[in-house]
Amino acid sequence: MLFGFPELVAKGKKTPEKMFKVMDLYDTVSELWPEIESIFSFESTSAVRSAAANSLVKLGDAIRLLLSDFETAIQKDTSKTPVPGGGVHPLTRYVMNYIVFLCDYTGVLSDIVADWPLSVHSPLPESYFSSPIADESSAPAISERFAWIVLVLLCKLDSKVALYKDVSLSYLFLANNLNYVVSKVRNSKLKLLLGDDWLAKHEIMVSQYAANYERMGWSKAMSSLPTNPTISISIDTVEEHFKSFNSAFEEEYRKQVSWIIIDSKLRDEVKVSLAKKLVPAYRAFYEKYRGMFQRKVGVDSAVRFAPDDLDNYLSDLFYGAGVEGSSTSFSSAASARDQGGH
């Protein structure tokens, strides 16, 4: 009766949450197996040994099925609502937290997947699956399985990019979600299973997504300044450049102030990168030509920003706040500059 219980559990309804209880049972029966063989070594008690052995088989089958169902559930996720501000998708949080918990059962899962190859050949290089766990012959198999589940998640996230109409926001969404995945791997036992090469490759991908966001999101503002910001041009052309920059910068700021970068380190990196691309070029142009407008009526229509203002506006970004909640406003900034004689 005792060793028939795990088999009944294995036959029961399969849910993702049940996975951990099933693995607990498998781990316990496996750990007790030497004692079971010793205590029930007689032919008259062979039925007990058979029941225990059968329970391990059934529990192993149940774990395989639960893992397969978990992968299928990721692939079949049908959520159609884009995450506000391009933040971390609930699916990303759920899957990565689930996988981190699975890592506590590396021993059990190594037994389970040792003779259970992936049904779909993975396109990932062998380095993705290298593992420093040298004392387990099945470590590469378990590493491959975890890498595959993460890949299934990332492919699903790629498909959700289509939910965003703004291309730059879609790249921010990818950066946020991949960075969350990388952080979970780096700060858990997953790092031992996936390895440093996996981490390095995906950290580079996060940087590429962030760079694509910057390029797509701010190209209009960057291109509104002359290639050489200190070249001599007519006052009408200068005024046109200032107005084009004002319009492009304000448009992107108002749109992006509600966007978000969850990770503080990534948020700061993107802000610094944006500032390096925008502020020096604008400062050089501003300092060369602002004197043309000191006595010009309606100056606020041409020179609306001082270089330091750009830093202030960029510092407001990526907290997911509305325009109303920002620390500065375009009108107050323009007013301050008018009073300063710019």
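1. Helix α7 (residues 167-186) packs with helix α8 (residues 190-223) at an angle of about 160°, their axes lying 8 Å apart. Axes here are lines fitted to C-alpha atoms, for helices over the stretch in contact, with angles running from 0 to 180 degrees between N-to-C directions; helices are DSSP runs (H or I, at least four residues), numbered from the N terminus. The model is a predicted one, in which local features need pLDDT of at least 70 and side-chain atom pairs count only at pLDDT 80 or more, whereas totals for chains, interfaces and linings use all residues. Residues are numbered from 1 along each chain as its sequence is written, and side-chain values use heavy atoms, with hydrogens and water left out.

2. The helices α7 and α8 are therefore roughly antiparallel to each other, a term that applies to angles over 145 degrees. By class, the contact of α7 with α8 has 19 nonpolar, five polar and three charged residues, where Ala, Val, Leu, Ile, Met, Phe, Trp, Tyr, Cys and Pro count as nonpolar, Asp, Glu, Lys and Arg as charged, and the others, Gly among them, as polar.

3. The structure holds 14 salt bridges, each defined as a side-chain nitrogen of Lys or Arg within 4 Å of a carboxyl oxygen of Asp or Glu. One of them joins Asp 77 to Lys 160, with the closest N and O atoms 2.7 Å apart. This pair links distant parts of the chain, 83 residues apart, since Asp 77 is in the loop between α3 (46-75) and α4 (90-102) and Lys 160 is in the loop between α6 (139-159) and α7. Lys 160 is buried, at a relative accessible area of 4% (buried means under 20%, exposed over 50%, and partly exposed in between, with a 1.4 Å probe and protein chains only).

4. Lys 277 belongs to helix α10 (residues 264-289) and Glu 214 to helix α8, 63 residues apart. Glu 214 is buried, with a relative accessible area of 5%, whereas Lys 277 counts as partly exposed at 43%.

5. A salt bridge also connects the side chains of Lys 220 and Glu 251 (3.5 Å, N to O). Lys 220 lies in helix α8 and Glu 251 in helix α9 (residues 235-256), so the pair ties together parts 31 residues apart in sequence. Glu 251 counts as partly exposed, at 39% relative accessibility.

Methods: Helices (H or I, at least four residues) and strands (E, at least two) are DSSP runs, numbered from the N terminus. Angles under 35 degrees count as roughly parallel, over 145 as roughly antiparallel, 65 to 115 as roughly perpendicular and the rest as oblique.
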